[in-house]
Amino acid sequence: MDPAEGAGTPGSPVGLAQPQVSSVNIQTMMTNSNMRVVKEPRGFLKLLQFIFAIFAFATASGGGSHFQFSVTCNSSSDPKMVDVYYSYPYRLEDVPVTSKFCENATQSVYPLVGNENSSAEYFVTIGVFAFLYSLVALTIYVFVEGQFGDKDLWSKADLFITTAFAIFWFTSSSAWAAAVADIKWSTYAPNVYTHGSVSKLCSKPGAVCTDAGLNSSYANLNVSILFGFLNFILWAGNIWFTYKETPWHAQRNEPVEKKYPSPALGTPTGMEGGTLSSPSQI
């Protein structure tokens, strides 16, 4: 048996030394952590990206609401209220409007108009992944980056990912803004009972539909659009600061004397490759 195989503390089973090594590595990372990077533009913007990404996908996914309209039949002076609830992912075609109010009418289901789930899910997905990447990047900035012998690969990857997220935030926010406009139109009570399949309910003989005064709340949806474009500004602005960490920026700003070495010591300036003139020749 190789003596190295049984190495460890006396009286302890073989293989228990590894957790001690891992704990030492964790302690080393904590000791060498660099919290100052959070005060730098690159780290501070990444912290803001982490926070605002949460706000963006939370407000978008939490924008569900409801509205009412009333149905009055000729045989009754008492209007009946129709409550319609909808929520993320805003697949409005699957939201049922059920009615059995007027005399001799059977219960029917009338779906709303619109299907905005693709734009909503795209926006929320970008928000979740941006939140996760910001958390990972901050962890690397603070605890791991200082341990890299050569961090060129990480700095390039950080630049490419930051640029990609800036593009994704712009496209998803634009698509989501258009989807929110459609959601507002499709869930506005007068539009609901005058357009689409719900209008069949109100066009029945003896049925009159009117606005009940309770309309949807769009506060969360409006705020989510603002957070989406704010995230785009944060990620686009951070492209420059992540670029400054790459070797491409260092090479571009390399001092001129490093690119063009100065003459060797002992050689008079301006006389490289020639002979020094004698006093009689001056």
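This is a predicted model: local features need pLDDT of at least 70, side-chain atom pairs count only at pLDDT 80 or more; totals for chains, interfaces and linings use all residues.
Trainee: What makes Phe67, Val84 and Val198 count as residues that leucine 112 touches?

Mentor: Leucine 112 has heavy atoms within 4.5 Å of them, which is what contact means here. Residues are numbered from 1 along each chain as its sequence is written, and side-chain values use heavy atoms, with hydrogens and water left out.

Trainee: Which residues touch the most other members of the largest nonpolar core?

Mentor: Leu112 again, along with Phe69, Trp169 and Trp176, in a core of 52 residues. Such a core joins buried Ala, Val, Leu, Ile, Met, Phe, Trp, Tyr and Cys through side-chain atoms within 4.5 Å. Helix H3 (residues 117-144) gives the most to this core, 11 residues.

Trainee: Why is threonine 163 called partly exposed?

Mentor: Its relative accessibility is 28%. Buried means under 20% and exposed over 50% (1.4 Å probe, protein chains only), so threonine 163 falls in between. Threonine 163 lies in helix H4 (residues 152-186), and its C-alpha is 9.5 Å from that of threonine 242, 79 residues away in sequence. Across the chain, buried residues make up 34% of the 282.

Trainee: Why are H2 and H7 called roughly antiparallel?

Mentor: The axes of H2 (residues 41-61) and H7 (residues 219-243), lines fitted to C-alpha atoms over the stretch in contact, cross at roughly 160° and come within 8 Å. Angles run from 0 to 180 degrees between N-to-C directions, and anything over 145 counts as roughly antiparallel (under 35 is roughly parallel, 65 to 115 roughly perpendicular, the rest oblique), so this pair qualifies. Their contact divides into 15 nonpolar, 8 polar and 2 charged residues.

Trainee: Which residues make the contact of H3 with H7?

Mentor: H3 brings Phe123, Ala130, Tyr133, Ser134 and Tyr141, while H7 brings Ser224, Gly228, Trp235 and Thr242. That comes to 5 nonpolar, 4 polar and no charged residues. The axes of H3 and H7 come within 12 Å and cross at roughly 35°.

Trainee: How many helices and strands does the chain have?

Mentor: There are 9 helices and 5 strands, taken as DSSP runs: H or I of at least four residues for helices, E of at least two for strands.

Methods:
Ala, Val, Leu, Ile, Met, Phe, Trp, Tyr, Cys and Pro count as nonpolar, Asp, Glu, Lys and Arg as charged, and the others, Gly among them, as polar. Lists of a residue's contacts leave out its neighbours within four places in sequence.
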